Amino acid sequence: MEKVNFRTQILSGHLQNHRHATTATICASPCVSYVPPEVSEQPFSFDVASMRKLMDGHNLGDRDWLFNLMVQSELFNPRLRGGKVFVAPDYNQSMEQQREMTMKRIEYLLDRGVFKGWLTGKGPEAEMKKFALLEVIEIFDYALAIKIGVHFLLWGGAIQCFGTKRHHDEWLSATENYLIKGCFAMTELGHGSNVQGIETTATYEANTGEFVINTPFESAQKYWIGVAANHATHAVVFSQLNIDGNNQGVHTFITQIRDENGNIYPNIRIADCGHKIGLNGVDNGRIWFDNLHIPRENLLNSVADVSPDGKYLSAIKDPEQRFAAFLAPLTSGRVAIAVSAVYSAKISLAIAIRYALTRRAFSITANGPELLLLDYPSHQRRLLPLLAKTYAMSFAGNYLKLLYLKRSPQLIKTIHVVSSAFKATLTWHNLRTLQECREACGGQGMKTENRIGQLKGEYDAQPTFEGDNYVLMQQVSKALLAEYVAAKMRNKPFKELGLEHMNRSCPVIPAQLISSTLRNTQFQNDIFCLRERDLLNRFAAEVSQYRAQGESKESAFVVSYQVAEDLGKAFSDRAILQSAIEAENNVTDASLKIILGLLRSLYVLVMLEEDAAFLRYEYLSTDNAAAVRKEVAKLCSEIRPQALALVSSFGIPDAFLSPIAFDWVAANSWSAVEN
């Protein structure tokens, strides 16, 4: 009734004004206008430059240099909208045009030294610079980054990891200078995640000293091979190695597929994978091999070799361990994908939150001003938890890069498990963030120039390539179970994969959770560790039960998938939280610590609220779950005044955002149409 009475009063006022219209002066209604949030919002409570340094972690000068390099060139499609220049790919171009433009941009970056040292540089500084520059390229165009990543991280990484000095000398410098263009021919029509099952064959002929590569079935055609459709001259081909009728498992071979003029080599057929829902700047192709002869020296032989007379040689006798060694280049790819997902989430949040700080809708008082979108608690609840997660995952991405830099035989398992967990968790988060931000921008979110909608298509492949996310999470759970079984059998403490908390007594969660407890770091760490240890115990018990009933180990894993998925998520969330806590502990500035504490608490409590496992397994009572929900709303309202500062800390230049992040009125004005 209150709404009815309110509307009646408004209508009555309109009618009364209409009766006196002949004598009253006609006045224009105030126009909706754009007010920059830098003007309307309160001063920042912390130093944005310091927060950006913490978030990006490294090579800020190199990042800014590359941002400026791209803005300066017409190749990066600069356009004036609302008084500002923005750069982004032109998605109105055809697939063929996008591919050629991607290659032209690579040539531009090459000529300006962007790729110098990416394969020939030594030490952690060179690797971190490569990561930083690739992250900047991803912010502009993920297709461009993918094409570069295939060439350097996959093809180049395979040469580095699987090859020996003769391969390094012949291929690394040529790759870095794009004298050749490489691709990574692993996946097939019939086998993607199950690499051990691939069907391409490489048979050794001792009389000629050559391997013969074949595609024996249609399902064995190499599929989704980035850069293969148009530009690649060489490929690392994953094949089953056959010697005298014995299959030695999956090995890798260098194969030239085109000459210097782009002509496809004899005994090779290449077809296009066609138009995709995103990443059309990448030329994905399909490859068939018909009795292709390659020299014996083209076997990448750091893991295994074949002598001229056909003897198989390897220091790694276990076929499973040999196969694991062949997957090493995928780790760098997973690291890059996980981190790129965080930067994509940053783009969409920066755009959506800036828009929400200037766009108004509805008034809640009679004749009062319309409210900013971000002043609605419901809108805060949509975006600010995603912002808190993105901060936590940004620190996780930095931790993952540093872990990768320390890679050694002793750390291979840890790096594989952490990169698999983070790749899955961070890419899922990115897609959810993109969708929520698209919706939060209303109709403007549908426009390609505003980036978010287009990014959804560009990043939609992330849960699939470099390992299906669900498969990766199952691998995480299997690794945790193996560590659990080994520790129990040895009757020794846990010492790997972050499971050291299992050596301590089981955390006890208070019966009644109050605000101060919910925001306490110890409580937050305890409840995440409690979930992980309980789920690991449950997973071990369930697999053991199925084994006792006669199921094979693999079958027991398959039927225990629900607990396995919960466990993989618990491991990932706990590792992300610990990386966020470590980043926070390394900060000395009090103002940064305060906002980081709020973000950490919001991250944890949103995870408690969203993951049904906390209620399903009774880590939280229903009353405590209600307390968590109430605290989430409070934290959102406390973080709201610093929303602009938090997205400004991402360090993404204005030109790489979109028109609705700034003066969206001017960008959509009639004068903009005329110009």
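A residue is called buried under 20% relative accessible area, exposed over 50%, and partly exposed in between (1.4 Å probe, protein chains only). The structure examined here is a predicted model, in which local features need pLDDT of at least 70 and side-chain atom pairs count only at pLDDT 80 or more, while totals for chains, interfaces and linings use all residues. Residues are numbered from 1 along each chain as its sequence is written, and side-chain values use heavy atoms, with hydrogens and water left out.

Let us turn to the charged pairs. With a salt bridge taken as a side-chain nitrogen of Lys or Arg within 4 Å of a carboxyl oxygen of Asp or Glu, a search of the whole structure gives 38 of them. One of these joins the side chains of Glu135 and Arg63, at 2.7 Å from N to O. Helices (H or I, at least four residues) and strands (E, at least two) are DSSP runs numbered from the N terminus. This pair connects distant parts of the chain, with Glu135 in helix H6 (residues 124-140) and Arg63 in helix H4 (residues 60-71), 72 residues apart. Both Glu135 and Arg63 are buried.

A salt bridge also links Glu449 with Arg81 (2.5 Å, N to O). Glu449 sits in the loop between helix H12 (412-440) and helix H13 (452-459), whereas Arg81 belongs to strand E1 (residues 78-81), 368 residues apart. Glu449 and Arg81 are likewise buried.

Arg382 and Glu439 form a salt bridge at 4.0 Å, N to O. Arg382 is partly exposed, its relative accessible area being 28%, and Glu439 is partly exposed at 37%.
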